[in-house]
Amino acid sequence: MNDETMLAAGVDEFGPASTLTVSRRPVPEPGPGEISIDVTYAGVGFVDTLLRSGAFPLWTPMVPGIEVTGRVRAVGRDVQGLGVGQSVAALLNDFGRGQRAGGYAQVAVAHHTMAAPVPDGVDLRRVTAALVNGVTAWVALHDVARLDSRDRVLVLGVTGGLGATTARMAALFPAQQVIGVVGRDPDRAPAECTDVVVADALADALDRLTPDGSVDVVIDPVGGRLRATAFQRLAPFGRHVVLGDASRDDRPFSGDETWLATRTVSGLSIGGVAHLRPAACTKALTAVISLVARGILDEPLPAVEPLENAGKVHEALENRTAPAKTVLSVLSAAA
């Protein structure tokens, strides 16, 4: 039995950001098909605040954090292609395999299909910041929407982390047009958007920006009234891809309108599908790391906070005062 301990930021009971504290916890060891990682950086996203608060039916004690970079510490049985000491990036959101997460810690465990090497010399901060949003955007555009260079893409919530990354990636594919939808401030939208519109003026803006007022792909992490408006503007053979429900207003789709207008509605949850389609996750993760390493996917440099500030970062995310992306510096955590 391993009695070694590590520092981790977690909760013993679900609750507000103040319940997220640093303490000593047992060092996890990899099982079959898994690796353990000495974590250098752990990404922080809004989904982590949901994990911490108990929005999902998970377990306690809970250590949030679903994206990390670092070096392989140990390798479990049936793992090939990854070795001790190798620099890697990993996702920890494959909840279909059982308990996961655990990124806010000095040591994390990942399934080998959710990890990929990072070339020497690449800025791990940038890689960490792009992992979850980048993989989700890649799979959404490449595998679900099957984006074509002739497509006009509408990205809802484009100032959020996932929306911004998806807009940047859509421009890389490239889409014919990338229209970003913002709540208020158009200046916060990614420069890769060909056009930016305010949510309240969406219908009129599409009439102005497109030949027939329609789009081919809707990327929807928002839900609510905006979802309903965007769905009505899908062209024949258009694809509406649901990536979340930030509005907490889950508007239903009409089966008749989907059928009669020849539209497709799809959903994507990496956490729910990773264990069923591991090759797709590995491919997407490898692609995102390569795009960041080569400077093609130019995500903003994230803010860096020490592990002990995890609760403050959660507060900023919930108050909507956080930077575009924050990563926790785990390697520098006090022993």
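Buried means under 20% relative accessible area, exposed over 50%, and partly exposed in between. The views below show a predicted model.

**View 1. Ser87 in strand S5.** Ser87 belongs to strand S5, which covers residues 87-91. Its relative accessibility is 8%, and Ser87 therefore counts as buried, the limit being under 20%. Apart from neighbours within four places in sequence, the residues in contact with Ser87 are Gly70, Arg71, Ala116, Pro117, Val118 and Leu124.

View 2. Gly157 has a relative accessible area of 23% and so is partly exposed, a class that lies between the 20% and 50% limits. When residues up to four places away in sequence are not counted, Gly157 touches Gly163, Val181 and Val222. Asp220 is 63 residues from Gly157 along the chain, and the C-alpha atoms of the two are separated by 7.6 Å.

**View 3. Cys193 and Cys281.** Cys193 has a relative accessible area of 11% and is buried. Cys281 also counts as buried, at 4% relative accessibility. Both values fall under the 20% limit. A disulfide is a covalent bond between the sulfur atoms of two cysteines. The search of the whole structure finds zero disulfides.

**View 4. The whole protein chain, for orientation.** Nine helices and 15 strands make up the list of secondary structure elements in the protein chain. The radius of gyration is 20 Å, close to the 20 Å that the globule rule gives for 335 residues, so the protein chain is as compact as a globular protein of that length. The C-alpha trace spans about 65 × 40 × 35 Å along its principal axes. Of the 335 residues, 52% count as buried. Taking contacts between residues at least 6 apart in sequence, 69% join residues at least 24 apart.

**View 5. Surface and charges of the protein chain.** The accessible surface comes to about 14700 Å², and carbon and sulfur atoms account for 51% of it. The protein chain has 30 positive and 37 negative charges.

Terms used:
Residues numbered from 1 in each chain as written. Predicted model: local features only at pLDDT ≥ 70, side-chain atom pairs only at ≥ 80, totals over all residues. Heavy atoms only, no water. Helix = DSSP H or I, 4+ residues; strand = E, 2+ residues; numbered from the N terminus. Rg over C-alpha atoms; globule rule 2.2 N^0.38 Å. Buried < 20%, exposed > 50% of the residue type's maximum accessible area, 1.4 Å probe, protein only. Contact = heavy atoms within 4.5 Å. Areas by Shrake-Rupley, 256 points an atom, 1.4 Å probe, with all protein chains shown as cover. Lys, Arg positive; Asp, Glu negative; His and termini not counted. Charge placed at Lys NZ, Arg CZ, Asp CG, Glu CD. Disulfide = S-S within 2.5 Å.
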